[in-house]
Each structure stands twice: as structure tokens, then as C-alpha cells.
Amino acid sequence: MKHKITTLNNGLRIITQERKDIETVSLGIWVNTGSAYETVDMNGISHFIEHMVFKGTKKRNALQISEDIENVGGQTNAYTSREFTAFYAKMLKNDVELALDVLADFIVAPTFDESEMVKEKEVVVQEIKQSIDTPDDAVFDYFQEDAFKDCAIGRTILGPEEKVRSFDAEMMRRYMHTHYATDNMVVVGVGNLNHDDFVKMVETRLSKYSAKADFNIEPQNYTGGFTFQKRDIEQVHALIGFKGVEYKNPMYYPVSIFSTLFGGSMSSRLFQEIREKRGLVYTVYSFTNSHTSGGLFGIYAGTTADELNKLIPVVADEIKKVCNTYVFDKELERAKTQLKASMLMSLESSSSTAEVMARQSLIHNRIIDTDEIITNVEAVTKEDIQKAAQMLFSTNPTYTLLGNMKTYPSYDELINTLKF
């Protein structure tokens, strides 16, 4: 299924993919901003804006926003990540214009009412506290901070409580004016729609929007480091990480396939060796996160204090094997197939397709054809996998622990154990 793109005179990109075989449309507005683009004093403002636009616009109060969407059976939501903020909806095909009107209002006409702001600050503070109280959420925030010390990309998405309480309407309007720029955002619709009609709907609501990007992106410098957070809980949450790759890095595909092969499934090396053969964990997996100018590769394990000391040497042995000795043809092919299947399955969803096209447009300034992605995946060799592993594991590690343990391998011990 082909996509269509129209760019308005103000630089706003509109992307659609028509699917006449379904009765719904997934649509949204994606903005290339998030916590990685915030200063220390503004940490958390992207997420707070995401909350506050739902509290009222010049056309609708908070209840009317919910009722207008839900009265016709639609769904709307939003999210903030380190580099993206999105406002999206899924509607029956005849109600697309209503949803677009609501989403466009979030951008051009939020009221940021003071009384609503007071209440919503308490809501977000509760969200922050809930995240801190959830060990397998908190450990990833500590891990990100360890990996990117003193960098915006290392700070939390939610922000600290004291910063959230300091935000006011003027700060939010100023942030939106400099970050919610037309060349920094994209409108996407996927489903039973007509491209030209959709463009007219967007043009009516957003063609006069003229905010211009005016901000600096802090360097995303990987540092590595160690943190131990003592918690009175039964399980130990352990993360070991290394410098990863940015989206446009030539090693992006080898690293993605390596992560799948190494710890991305039940047939992966980590799962088989650590859980199935040795029973040291309930959960273990590897992952790779790419950013605009940096990246992070990680290994997560949920274990017990007693098993942690056994776990680290086994992880290190698996790292040495893939760096020094072998990659099997069958595991490489399996990892490629898993990656391709995951991508193709996700594209059956109109919501996932809209998300993928929005991100590709903002990151690469184009939509990457599925065949091109498959070709890039297929081109990865065993030598590429070994090269990716050696590249990742030669960097300074990030080591993050959260749990109730009296002893654990030190950071220096980890470094020595990882040498290959």
C-alpha cells in the first residue's frame, strides 16, 4: 500500500495511506520534541504540555474533548518520549474531521487554564511517584541517567516533582512556540480516507500555524557508569548497557539483528543459557534504543540477590562467545526472520503504520519502503553481527542495580569480567 505526501506552504507535512478495506482511520500529529530537547530547568515540560492540552482548548473544555470523541465511539490519547510527542486518535471513517479538529486544537488553541493546571500538576506528581515506586520502571530511568550523565537524553521524561510544580502557562506557550514548529511536526492519517480530502481538513485548521523551530539540541554523549539503589523488595533488577547507535548509523541494522539474536526472543542466546539451562532468572532480554545522535544497547535481568553473582559471569561468557568465536547461520536467519515478521505484522495495524510513517518522516525526512528495509536486513552477514558485538561491548559499560542485596559484583569487577 502506497503513501501520499503533501507539504503545506508553512512547511507542515501531511502523510496518508489509504486502506479502503477497513472502516476506520488512525490519525495523529507527531512532534519531534521530548525530554531530550529540554533544558534542566524545563525537564518534564513536554510531558506536562501533553497532559494540559487535554484540559481544555478555546473550543472545548476537558469534558467536551472526551465526550466529542467518545460520543461517536472514537479513541484518543497521547504520549511523550525522549524525542517525540504524539497526539493521536482512531475513529470511524465518517468522524475523521471531528478527531482532526480536536487534535489541531491541541496545537493551536490550548488554554492552559490556571485552575486546571493546579489539579493536573498533582496528577503528574502522582504519576512521578508511581513510577519511582515501580521498580522495573525506576531502574530504567536510573539506567538511562547512568548511561548519559549530565545530558538531556539521560533525564527522565516525567521530570522531577519540583520542576513540574514550577511550570506556568507562559512557559508552556513559549516552549510550544519554539518546539512545535511546522518543520518539526507531521500529520498522518491511515485507513479509509481520501488524501485530498484529508489535506483540506488539515489545511483549514493548521495552514496559518507558523511557529518556527528555535532551540538547541544538547549533545547525546554516552558516558556509562554505575548506580545501586537499595529497595526492600524480593527481586533484583539488573541492567548492563553499552554505547549503541543512532538511527542513521550504518550499523543500525546489524545492531538490531544482533539484539534479536542475542536476547530478543525465547530462542535467543541469553534466554536459552540463563533461564532455560541454568534457571537463574524469570526474565532476561536484550534491547537496543536509537536516538537522533546516540544510542544505547542494554541487557535486563530480573533475578534474586543470591543468583546475581552467578548471573554476571554467565552474561559475560555469552558476550565473549559472540565477540570471539562464532555466529551460527541458523540463528542469524532466525533473527532476520523474526525482525521482518515483527515489522510486517505491526504494519497490519493502521495505528502502528501511522506511527512508523510519522517517525520515519521526522527522523529520515522520507518514508522508507518496506522492501528497502527487508533488503537491508537480508544484507547483514555473520561478520556484520560479530563486528556489531565487538563494537558494542568494547565501550564503557553502564551497570544499574535495584534491589535488596548485601553483596554484588562491583563496577570494576564487571569491567574485568567483560574483557574479551
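Visitor: I'm new here, so what is the volume of the largest pocket?
Guide: Roughly speaking, the largest pocket holds about 1,600 Å³ of space. Keep in mind that this is a predicted model.

Visitor: What makes that space a pocket rather than a cavity?
Guide: It comes down to whether the space is open: a pocket is an open set of points, while in a cavity a 1.4 Å probe fits but cannot get out. The space of about 1,600 Å³ counts as a pocket, so it belongs to the open kind.

Visitor: Which residues sit closest to the centre of the largest pocket?
Guide: Tyr252, Met343, Val356, Gln360 and Ile373 do, out of 46 lining residues. Two or more lining residues come from each of H9, strand E9 (283-290), helix H12 (329-346), helix H13 (350-364) and helix H14 (370-378). Sorted by class, the lining has 16 nonpolar, 19 polar and eleven charged residues.

Visitor: What about the second largest pocket, and which helix gives the largest share of its lining?
Guide: H5 does, with five residues. This pocket has a volume of about 540 Å³ and 23 lining residues, with Asn43, Glu145, Arg155, Thr156 and Pro160 nearest its centre. Helix H4 (114-133), helix H5 (135-147) and helix H6 (161-166) each hand over at least two residues. By class, you get nine nonpolar, six polar and eight charged residues.

Visitor: How do you know that Lys163 and Asp41 form a salt bridge?
Guide: Check the distance. From N to O, the side chains of Lys163 and Asp41 are at 3.3 Å. The rule asks for a Lys or Arg side-chain nitrogen within 4 Å of a carboxyl oxygen of Asp or Glu, so the pair qualifies. In general, side chains of opposite charge can pair when their charged atoms come close. By that rule, the count is 29 salt bridges.

Visitor: What makes the Lys163 and Asp41 pair a link between separate parts of the chain?
Guide: Lys163 is in helix H6, while Asp41 is in the loop between strand E3 (24-31) and helix H1 (45-52), so the bridge ties together parts 122 residues apart in sequence.

Visitor: Strand E3 again! Which residues does Thr24 touch, leaving aside its neighbours within four places in sequence?
Guide: Thr24, which is in strand E3, is in contact with Lys90, Met91, Leu92, Lys93, Val190, Gly191 and Asn192. Take Val190: it is 166 residues from Thr24 along the chain, yet their C-alpha atoms are separated by 8.5 Å.

Visitor: Why are helices H9 and H15 called roughly perpendicular?
Guide: Look at the angle. The axes of H9 (residues 252-263) and H15 (residues 382-393) cross at roughly 90° and come within 9 Å. Angles of 65 to 115 degrees count as roughly perpendicular, and therefore H9 and H15 get that label.

Visitor: Which residues meet where H9 and H15 come together?
Guide: From H9 there are Pro254, Val255, Ile257, Phe258, Leu261 and Phe262, and from H15 there are Asp384, Ile385, Ala388, Ala389, Met391, Leu392 and Phe393. That contact has twelve nonpolar residues, one charged residue and no polar ones.

Visitor: And the cavities: how many reach 30 Å³ or more?
Guide: Two of them. Rolling a probe the size of a water molecule over the atoms shows where empty space is left.

Visitor: Which classes make up the lining of the second largest cavity?
Guide: Two nonpolar, five polar and three charged residues. The lining includes Thr260, Ser265, Arg269 and Glu331. H12 gives the most, four residues.

Methods
Residues are numbered from 1 along each chain as its sequence is written. This is a predicted model: local features need pLDDT of at least 70, side-chain atom pairs count only at pLDDT 80 or more; totals for chains, interfaces and linings use all residues. Side-chain values use heavy atoms; hydrogens and water are left out. Axes are lines fitted to C-alpha atoms, for helices over the stretch in contact, and angles run from 0 to 180 degrees between N-to-C directions. Angles under 35 degrees count as roughly parallel, over 145 as roughly antiparallel, 65 to 115 as roughly perpendicular and the rest as oblique. Contact means heavy atoms within 4.5 Å. Ala, Val, Leu, Ile, Met, Phe, Trp, Tyr, Cys and Pro count as nonpolar, Asp, Glu, Lys and Arg as charged, and the others, Gly among them, as polar. On a 1 Å grid over the protein atoms alone, a cavity is a set of points where a 1.4 Å probe fits but cannot get out, and a pocket is an open set with protein on both sides within 12 Å along at least five of seven lines; lining residues have an atom within 4 Å of a point. Grid points are joined across faces, edges and corners, and a volume is the space filled by probe spheres set on the points.
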